[in-house]
Amino acid sequence: MPKDKTPEGNDVPVIELRNIDKTFRSGKTAVSAVRNVSLSVSDGEIFGIIGFSGAGKSTLVRCINLLERPTSGQVVVDGVDLTTLSAKQLRAARKNIGMIFQQFNLLSQRTVANNVRFPLETSGVPRARADERVRELLQLVDLSDKADVYPAQLSGGQKQRVAIARALACNPKIILCDEATSALDPLTTHSILDLLKRLNEQLGVTIVVITHEMRVVEQICDRVAVMDAGEVVEEGRVRDVFLRPQSETARRLIDPAYQTGSRVSLPPNTLRLAFTGEESGAPVISDLTVQCNAMVSIVSANTENIGGKPFGQMLIEMPPDAASQARICAYLDKRGISYEKSDASEGGGRMPKQAASAPSAQAPASDASNACDTSQNDVPAIGKE
Ligand SMILES: Nc1ncnc2c1ncn2[C@@H]1O[C@H](COP(=O)(O)OP(=O)(O)OP(=O)(O)O)[C@@H](O)[C@H]1O
């Protein structure tokens, strides 16, 4: 059923993880995969959990439906602590939680329609009703024409659509996505994320996305938790984490230069601008050039669409004289545009240094997701929220 929701969900927690610990023991060795994690996901929200390999993301998400039983802590879904349920009660509760995986996990001997039908069969849904539901679901994921083919005849993106339809079969309130797009190319990733976003909006289903790619989080998530070594090291709205990452892990995930350990300071006489989706609509660079009587050139630009709002970073080179630079900074201050100034230019920037590590300003302007047409040497109008 479609329902109203705020961009961050309905503020009613549908998933509450309380002090989750998970330790894997084998003989004398113990691996502490998740350490004292507490998180709350609101009804109707798309929540991201991001981290590098081995951070504990998969283990944590599998704790949500008790595919992994936490060593300690509570998993409260829709008001019920799953850790207290009997096996039968847990099976029933799991119908409310669909899951999709990186490797799709389809049944190769069954057609597309029969893969989608599988959870309906195991739930005892009558044949006619199941047929109707399979048709609805295949339509929902745009695969009506593939009902009778086998998984081997599908592309990766199509397989993931089947997996999504199957996960939705029993009308779950929650969908868990464990690296659901990691095996897909960027274009297919984009279309699968679009589909998830559409399903979230149409059906009101809450979605938890596990990924190591910031782009995935940027494209669909409302909020994100950053994991490192089993712990949540940072949590917040995507835009805040994206623009002002607080943890070293978030910085490394956002800025490729950090990942290679080759982070360099800004070149002389440059400014890094951050667009937060709150700036007024006038094109910034051409207006700045006129208002400040100073020519600037765009060194690089990278904007992203986060939750339907434009966000981005741009590196511009200013004239070397202090007076022009002061005018430019005053202009940006007046327009409320955050910026970081290179050490070699006059004065100091007002964006905290760490904020500048949000997405690589060094990224090529030809990036397919780049909303900036730098060939016209200006940014598109960025509207207020
Ligand atoms: N069944 C298991 N037995 C023992 N150790 C495990 C098991 N599952 C995971 N681990 C360990 O727990 C830690 C966290 O693993 P996990 O798969 O949750 O991380 P991740 O962030 O999802 O990584 P990736 O992105 O590579 O899948 C790792 O050190 C891993 O080796």
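Residues are numbered from 1 along each chain as its sequence is written. Because the model is predicted, local features need pLDDT of at least 70 and side-chain atom pairs count only at pLDDT 80 or more, whereas totals for chains, interfaces and linings use all residues.

Helices (H or I, at least four residues) and strands (E, at least two) are DSSP runs, numbered from the N terminus.

Four strands form an open sheet in the order β2-β1-β4-β5, with antiparallel pairing, two strands being paired if DSSP finds at least two bridges between them. The edges are formed by β2 (29-42) and β5 (80-81), each of which pairs on one side only. Helix α1 (residues 57-64) packs on this sheet and touches β1 (13-26), β2 and β4, its direction making about 120° with that of β1; contact requires that the C-beta atoms of two residues, placed from the backbone, lie within 7 Å. Strand β4 (residues 72-77) pairs with β5 in the antiparallel sense over two bridges, and Val-76 stands opposite Asp-81 in β5.

Turning to the helices, the axes of α3 (residues 112-122) and α4 (residues 127-140) come within 9 Å and cross at roughly 130°; axes are lines fitted to C-alpha atoms, for helices over the stretch in contact, and angles run from 0 to 180 degrees between N-to-C directions. The two helices α3 and α4 are therefore oblique to each other, given that angles under 35 degrees count as roughly parallel, over 145 as roughly antiparallel, 65 to 115 as roughly perpendicular and the rest as oblique. Their contact involves Ala-113, Val-116, Arg-117, Leu-120 and Glu-121 of α3 together with Ala-130, Arg-133, Val-134, Leu-137 and Leu-138 of α4, and the residues of this contact divide into seven nonpolar, no polar and three charged.

The axes of α3 and α5 (residues 156-168) come within 7 Å and cross at roughly 30°, which makes α3 roughly parallel to α5.

Note on methods
Nonpolar A, V, L, I, M, F, W, Y, C, P; charged D, E, K, R; others polar.
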